Amino acid sequence: MNLGDLAYPDVPEKAVHVLPLGATEAHGPHAPLSTDTLISVGICERAAERLRDEVAVLVLPAMPYGVTRYGSAFPGTVSISEETLRALVTEIAESVGPLVLVNSHFEPEQVDTLRSTGLPLLDLTRRKSAERLTDEFRSGSCHAGRYETSLVLADRPELVLADRMTALEERHVDMPAAIRAGQTDFLAMGMDQAYCGAPGESSAEEGRETFETLTDMLVELIREVAA
């Protein structure tokens with residue numbers, strides 16, 4: 001299921017490959033820098049497991065770096081350029097069979113770059129996908145908030161600092177509107193702790209439910225590619 005765990009004689013000749021894409025970026029004072037990457041990996045592994053008896057799915061080692069400029073004021077944030085991201089993704093695609101991109105880092109330049117590759121993409125920023133997700137996600141105020149923190153709690157609860165999480169007040173920031181207005185970093189958006197939304201309301205139960213929906217969407221996409 002995970003390509004990097006296999007010895008080469010055990011790699012199936014025909015498989016759909018899925019590439020988890022994320023970022024290394026500040027996600028509030030309570031959640032790990034790897035939040036986006038962990039979410040993408042969780043979606044991919046669940047989809048591969050669900051399709052085990054139907055389609056051979058190989059989860060590639062995750063790409064933990066993305067176009068990540070908005071959080072540049074915070075320690076630990078690492079960014080690559082659009083050109084580097086495009087080159088990495090397209091060259092990986094040339095090395096494997098059918099490839100599906102699974103992205104959980106929604107900085108517009110990241111999303112636009114992935115779309116430009118023309119590869120199948122689980123694009124949660126599309127309206128038809130967003131409508132299937134939580135109220136907070138649809139509000140656009142969800143960076144390190146209830147949506148993302150719940151997903152991390154579902155898979156890696158030890159990485160969430162619960163005492164900090166529960167102390168954070170809800171903070172509404174309409175990130176899409178702020179971006180349209182030309183604000184290009186978290187501080188300008190009023191996110192002085194690199195979060196928005198309601199992380200204090202997060203739960204592993206919500207995370208598991210959201211993972212089920214995300215897995216549904218990826219399974220549908222993989223089936224299209226396999227067909």
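I looked up Ala-194 and found it buried, with a relative accessible area of 1%; buried means under 20%, exposed over 50% and partly exposed in between, with a 1.4 Å probe and protein chains only. The model is predicted, so I took local features at pLDDT of at least 70 and side-chain atom pairs only at pLDDT 80 or more, while totals for chains, interfaces and linings use all residues. Residues are numbered from 1 along each chain as its sequence is written, and side-chain values use heavy atoms, with hydrogens and water left out.

Ala-194 sits in the loop between helix H8 (175-180) and H9. I note that helices (H or I, at least four residues) and strands (E, at least two) are DSSP runs, numbered from the N terminus. Phi of Ala-194 is near 60°, a positive value in a residue other than glycine. Most residues other than glycine have a negative phi.

I then checked Ala-144, in the loop between helix H5 (135-139) and H6. Phi of Ala-144 is also near 60°, and Ala-144 is buried with a relative accessible area of 1%.

Next I turned to Glu-206, which lies in helix H9. Glu-206 is buried, at a relative accessible area of 12%. I found a polar contact of 2.5 Å between the side chains of Glu-206 and Arg-146. A polar contact is a pair of N or O atoms within 3.5 Å; within protein, one must be able to donate a hydrogen and the other to accept it, and residues adjacent in sequence count only if both atoms are side-chain atoms.

I looked at how H6 and H9 meet: their axes come within 7 Å and cross at roughly 95°. Axes are lines fitted to C-alpha atoms, for helices over the stretch in contact, and angles run from 0 to 180 degrees between N-to-C directions. H6 is therefore roughly perpendicular to H9, a label for 65 to 115 degrees. Residues making the contact include Arg-146 and Tyr-147 of H6 and Glu-206 and Phe-211 of H9; contact means heavy atoms within 4.5 Å.

Last, I traced the sheet. It is open, with 4 strands in the order E2-E1-E3-E4 and parallel pairing. Two strands pair if DSSP finds at least two bridges between them. The edge strands are E2 (57-59) and E4 (121-122). Helix H1 (residues 35-50) packs on the sheet and touches E1, E2, E3 (99-103) and E4. I noted Ile-39 and Ile-43 among the buried residues of H1.

Definitions and conventions:
Parallel < 35°, antiparallel > 145°, perpendicular 65-115°, else oblique.
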